[in-house]
Amino acid sequence: KLMLWILHTFYGIVGNYGISIILLTVLVRSCLFPITRKQAQSMARMQELKPEMDKIKEKYKGDMQKQSQATQELYRKHKINPIAGCLPMFLQLPILMGLYRALMVDVELRQAPLLSESIRWCSNLAAPDMLWNWSSVMPDFVSSGEGMLSPGPYLNILPLITCALFVLQQKMFMPEPANEQAAMQQKIMKYMMIFMGFMFFKVAAGLCIYFIASSSWGIAERKLLPSMTPAGSGDDSGPDAAKPS
């Protein structure tokens with residue numbers, strides 16, 4: 001109900017539900033900016049610690065337990081939480097659930113176009129975008145639409161853009177694996193992205209718009225804050241740290 005109220009409020013201002021979803025994304029990401037900024041700082045600090053992580057990996061080569069313990073001790077020493085990057089995602093879960101339900105139950109979003117009526121392939125934000133009917137060139141088991149792994153008779157482009165941005169974000173945000181366990185976790189994440197591609201292929205276009213706008217915001221935010229020096233790291237620990245600037 002809260003998501004519907006916000007969407008209808010934005011719609012009353014701009015007169016378009018596609019733009020309203022983008023404005024909702026801007027509102028959500030603006031509220032999460034202090035947290036995502038700390039996430040970027042944490043990632044920057046982890047990148048600075050990569051030489052020390054490489055030393056730990058070489059020192060305890062073949063002993064995964066000691067390697068993991070030494071890595072965790074290094075994180076504690078520099079006050080880094082490696083799982084802090086998951087916090088923005090968990091904070092968005094209630095919003096995503098509310099938005100998903102809103103798109104499914106609100107009759108006013110049905111047949112609502114992305115931008116205008118002229119964009120025929122995305123004229124219903126409560127359904128997949130249906131860019132191209134590929135049933136004439138695809139096998140029956142692909143275009144039948146029966147089962148989760150059957151895409152259906154249409155090529156939906158927005159879910160593919162969503163997953164591509166997810167993969168790009170993962171490459172940009174995930175630090176280099178400190179050990180074999182972390183490398184394995186990142187490989188699992190890549191396979192999960194492929195699985196999510198199947199899961200997202202039939203979701204409502206409005207939900208994809210939210211993810212595309214949110215991912216684009218995250219990428220732009222990361223590009224605008226690449227050289228940020230986190231407190232307590234880098235040059236702050238040098239001999240000139242106490243000198244006034």
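1. Axes here are lines fitted to C-alpha atoms, for helices over the stretch in contact, and angles run from 0 to 180 degrees between N-to-C directions. Helices (H or I, at least four residues) and strands (E, at least two) are DSSP runs, numbered from the N terminus. With these terms, helix 2 and helix 3 (residues 50–59) pack at an angle of about 50 degrees, and their axes are 5 Å apart.

2. The model is a predicted one, in which local features need pLDDT of at least 70, side-chain atom pairs count only at pLDDT 80 or more, and totals for chains, interfaces and linings use all residues. Residues are numbered from 1 along each chain as its sequence is written, and side-chain values use heavy atoms, with hydrogens and water left out.

3. Overall content. The protein has 9 helices and 2 strands, in the order α-α-α-α-α-β-α-β-α-α-α along the sequence. Of its 245 residues, 40% are buried (buried means under 20% relative accessible area, exposed over 50%, partly exposed in between, with a 1.4 Å probe and protein chains only). Contact means heavy atoms within 4.5 Å. Among contacts between residues at least 6 apart in sequence, 69% join residues at least 24 apart.

4. Two packed helices are described by the angle between their axes and the distance between the axes. Angles under 35 degrees count as roughly parallel, over 145 as roughly antiparallel, 65 to 115 as roughly perpendicular and the rest as oblique. Helix 2 and helix 3 are therefore oblique to each other; Met 46, Gln 47 and Glu 48 of helix 2 meet Lys 50, Pro 51 and Met 53 of helix 3. The axes of helix 1 (residues 2–14) and helix 2 (residues 17–48) come within 8 Å and cross at roughly 120 degrees, and this pair is oblique too. On the helix 1 side, the residues in contact include Met 3, Ile 6 and Phe 10, while those of helix 2 include Tyr 17, Leu 24 and Leu 27.

5. Helix 7. The 17 residues of helix 7 (residues 157–173) should span 24 Å at 1.5 Å a residue, and its end C-alpha atoms are 24 Å apart, which agrees (the expected span is 1.5 Å times one less than the number of residues). Buried residues in helix 7 are Leu 158, Pro 159, Thr 162, Cys 163, Leu 165, Phe 166, Gln 169, Gln 170 and Phe 173. They cover an arc of only 160 degrees around the axis, so they lie on the same side of helix 7 (the arc is that of the directions from the helix axis to the C-beta atoms).

6. Helix 9. Helix 7 and helix 9 pack at an angle of about 25 degrees, with their axes 9 Å apart. That makes helix 7 roughly parallel to helix 9. Among the residues in contact are Leu 165 and Phe 166 of helix 7 and Ile 212 and Ser 215 of helix 9.

7. Two loop residues. Met 130, in the loop between helix 5 (87–105) and strand 1 (132–133), has a positive phi of about 55 degrees although it is not a glycine. Most residues other than glycine have a negative phi. Met 130 is partly exposed, with a relative accessible area of 36%. Pro 151 is in the loop between helix 6 (140–143) and strand 2 (154–155). The C-alpha atoms of Pro 151 and Phe 201 are separated by 6.6 Å, although the two are 50 residues apart along the chain.
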